[in-house]
Amino acid sequence: MELMTSVLGSVVAEISRFFCGFIWSETKNSIRFKSNFNDLEKKLELLKDVRYKMENELDDSVSMPKVTGWLTEVEGIQDEVNSVLQSIAANNKKRCGGFFSCCQWSRELAKTLEKVQMLQKEGNSIISMAAANRKANAVEHMPGPSVENQSTASQNLARIMDLLNDDGVKSIGVWGMGGVGKTTLVKNLNNKLENASSAQPFGVVIWVTVSKDLDLRRIQMQIAHRLNVEVKMEESTESLAVKLFRRLKRTGKFLLILDDVWKGIDLDALGVPRPEVHTGCKIIITTRFLDVCRQMKIDKRVKVQILNYDEAWELFCQNAGEVATLKPIKPLAETVTKKCDGLPLAIIIMATSMRGKQKVELWKDALNELQNSQPENIPGIEDQVYRVLKWSYDSLQGKNMKSCFLFCSLFPEDFSIDKSELTKYWLAEGLIDEHQTYDNIHNRGFAVAEYLKDCCLLEHGDPKETTVKMHDVVRDVAIWIASSLEHGCKSLVRSGIRLRKVSESEMLKLVKRISYMNNEIERLPDCPISCSEATTLLLQGNSPLEIVPEGFLLGFPALRVLNLGETKIQRLPHSLLQQGELRALILRQCSSLEELPSLGGLRRLQVLDCSCTDLKELPEGMEQLSCLRVLNLSYTKQLQTFAARLVSGLSGLEVLEMIGSNYKWGVRQKMKEGEATFKDLGCLEQLIRLSIELESIIYPSSENISWFGRLKSFEFSVGSLTHGGGGTNLEERLVIIDNLDLSGEWIGWMLSDAISLWFHQCSGLNKMLENLATRSSGCFASLKSLSIMFSHSMFVLTGGSYGGQYDLLPNLEKLHLSNLFNLESISELGVHLGLRFSRLRQLEVLGCPKIKYLLSYDGVDLFLENLEEIKVEYCDNLRGLFIHNSRRASSMPTTLGSVVPNLRKVQLGCLPQLTTLSREEETWPHLEHLIVRECRNLNKLPLNVQSANSIKEIRGELIWWDTLEWDNHETWSTLRPFFRAMASHPGQL
């Protein structure tokens, strides 16, 4: 074809040259001749263009006879053109022929011209036909069920479509657990693109199934087949990548869908132009693993959630048929549906297996097998559900990761597992390296939990920040796996199924972990049970259980974890002393437990939790537990003493929890002989977390507190208030001061590292704050949260006091004020401490009867740029939120923006005198939620037409809404759709 181009080019050049030298010399006899030459010149140029398109714009595999014939004819035209050229050249050289020769040449040129025109027409026809075929096949239909009637899936589909239309989004990751419907969702997306109008955004949509075993060549072959690119058997992966890259670059806009991705894919090695470089290219992947999205640098992630119950029931009935709605069957069918927990794959397979089965016994049997996680007799469940989900388990990477996952199956269905407690279990089981600081162990435990969540094998619990849980079907799969393993992790799980007794026959020698938690077990076997391999025994949550027989524990010589919490046991058997391998002993909420046997033999014990028990004193031998790392004695309200000798013996202690305990730590002068003092805690060189009750405020001059700086977190409670915490939060640094006269107190040292400070029912706050402002050599930069509750303090500077000269709390983010009976403005408190509130995010004011306004402009320019939430309730005298000094306000520019430019949520309740929220011309541009109740005099809101771009809801009584004043009708009509009326209930918000 290169030769043809050269020939055609030379023909044109020759005709032009010859025409100039010969034709013009015979002007009178060559008018037709000249015209034919001109036409031939133009048509040859056009033929060159058609040939170029044929070679460069058609698919590489286009080799149908019609195209091949056309190319042959184009190459053959060179002979005819050369023949005419030679004849004309020879005649021109002889200068003969005259008029008749010119006419003859003209006829020859006309014949050649006609052939060139025919070839051009045929070539254009072939190109047009190929283009039409490409357009018709831009999207190939993917068979699969529709999600049209599933609201959750339809919302996800709409979101993905929006992301596809967003030019700033180049790649989308659709992720979620196995069987949740990721492939079905993306198939619906593909087919929606197929049915799109002429506004189809992509020249071609390419669907590739990747699957578990990544095979780059197989993926390339799928892409090549879709693009009609010819692949030779001997062609290397690298060579094919180059060919695909060139082909996709010529394609222009394309969408590549990579379904079922298990590992990150190198697009360069695949031969796919990177979407961030190639304009118009977009990529969608489906995967079970969030890490895959990270590895492939996906721009936007869409997690596919399970179905809600109504959707699940509808899907179940579609697949089970009318039998599911029969009166005797329906309750069982509904229970089976709930057991599938919204997982489409499980619902479809389970429903299909029960289709047409009208005998109640068959449904009961199937339900029983599901509940026992052993569905051998339910067709398809093991092969099509359990084994599919097991692939996620098989793909877990990292040492002990599979064991960590299987451990989570020991807990009951839908049980929120505290991540801190889970970390202790994993540590005790040896699943986390114990040769680290507890801080690192804590972080590692949380990282493992998050990894399992990213693999869709765990999900967030309630509360979501601190707990995880298992999807019911995933838990069934984990139990199924663990019950079948012969070595290492074989488990017996009987948690949360209302058992009244333990089955001795089930406790086999090879069982590794046993869980009977959250049942109604009344007694345990009073004989040794041969469970020599068992390392974990969970018996917590059996409230009727009162006795642990002496002989029972003898059958568990390898036990590492023993949890007897939330039972009514009054004492532990002496056989406990023989548990030499025990690492974690959990007795939390054994409210009848008053004493413990000597624990000196448990030399390897690392975690001891006796919180919420009635222990009066600690057992003998505690000082021998040098390996103990976590001791929880929170809410031991009967604990009378803590011997000083115990502190020195617990040399490895890293976490000491005693908040809410009856034992209060103090200075030596105020403690009984032999009792541990606050100073004694300094000998715990490994201590990083401390939560204790203090007998009084301790002064640096009376106690050595140099060790205080080693703590990563702490909770000090001074006075009588018991905080509802007590958990191992390695980020919290809280000081609580309750029911004390603080007039002459100095608390500066306690605030040097504190994050949160609570004052509750304290007097003398005025004097204490003045001392804090005048005696502090610097600010308290760590403090982010301040709460002051139940106080009659005036918060007014006394004579000669000047307040804070600089902001003592520059990083304050949350301010909570409640029941401050004499407070008239938060600005008064601000003056005491020099507060600028520059980083304040949350402001909460409750039950302050004299407060007239929150903050004023007096003395400082008020600009709360980080304030996001305001909650004000039960302040009878409140007139406005922000008051602006009239003199200062008049000097301010009229273009001054909002005081709270980033305010997102406002909740107001029972404020009978409230009339204004802001200056008249001010608006809150980012407000999303406004909740107003019993604020009858508030008739103007800082909102305008543009507020509809951010507002999500306005809630209040209908009568209040109807009396609001608006700048214009357009504002009212724009915001009306966001209003939600609510009934007035005094005392409730």
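Me: Why are H17 and H18 called roughly perpendicular to each other?

Reply: In this predicted model, helix H17, which covers residues 419-428, packs against helix H18, residues 438-454, at an angle of about 105°. Angles of 65 to 115 degrees count as roughly perpendicular, and H17 and H18 are therefore described in that way. Their axes lie 9 Å apart.

Me: How do you know that residues in H17 meet residues in H18?

Reply: Contact means heavy atoms within 4.5 Å, and on the H17 side Lys419, Ser420, Thr423, Lys424, Trp426 and Leu427 meet residues of H18, among them Tyr438, Ile441, His442 and Phe446. The residues of this contact divide into 7 nonpolar, 4 polar and 3 charged.

Me: What makes H17 a mostly covered helix?

Reply: A residue counts as buried when its relative accessible area is under 20%, and 10 of the 10 residues of H17 are buried. The buried residues include the charged Lys419, Glu421 and Lys424 as well as Leu422, Trp426 and Leu427. For the protein as a whole, 52% of the 989 residues count as buried.

Me: How do you know that Asp418 caps the N-terminal end of H17?

Reply: A polar contact is a pair of N or O atoms within 3.5 Å, and a side-chain oxygen of Asp418 lies 3.0 Å from the backbone nitrogen of Ser420, which places this pair inside the cut-off.

Note on methods
Residues are numbered from 1 along each chain as its sequence is written. This is a predicted model: local features need pLDDT of at least 70, side-chain atom pairs count only at pLDDT 80 or more; totals for chains, interfaces and linings use all residues. Side-chain values use heavy atoms; hydrogens and water are left out. Axes are lines fitted to C-alpha atoms, for helices over the stretch in contact, and angles run from 0 to 180 degrees between N-to-C directions. Helices (H or I, at least four residues) and strands (E, at least two) are DSSP runs, numbered from the N terminus. Angles under 35 degrees count as roughly parallel, over 145 as roughly antiparallel, 65 to 115 as roughly perpendicular and the rest as oblique. Buried means under 20% relative accessible area, exposed over 50%, partly exposed in between (1.4 Å probe, protein chains only). A polar contact is a pair of N or O atoms within 3.5 Å; within protein, one must be able to donate a hydrogen and the other to accept it, and residues adjacent in sequence count only if both atoms are side-chain atoms.
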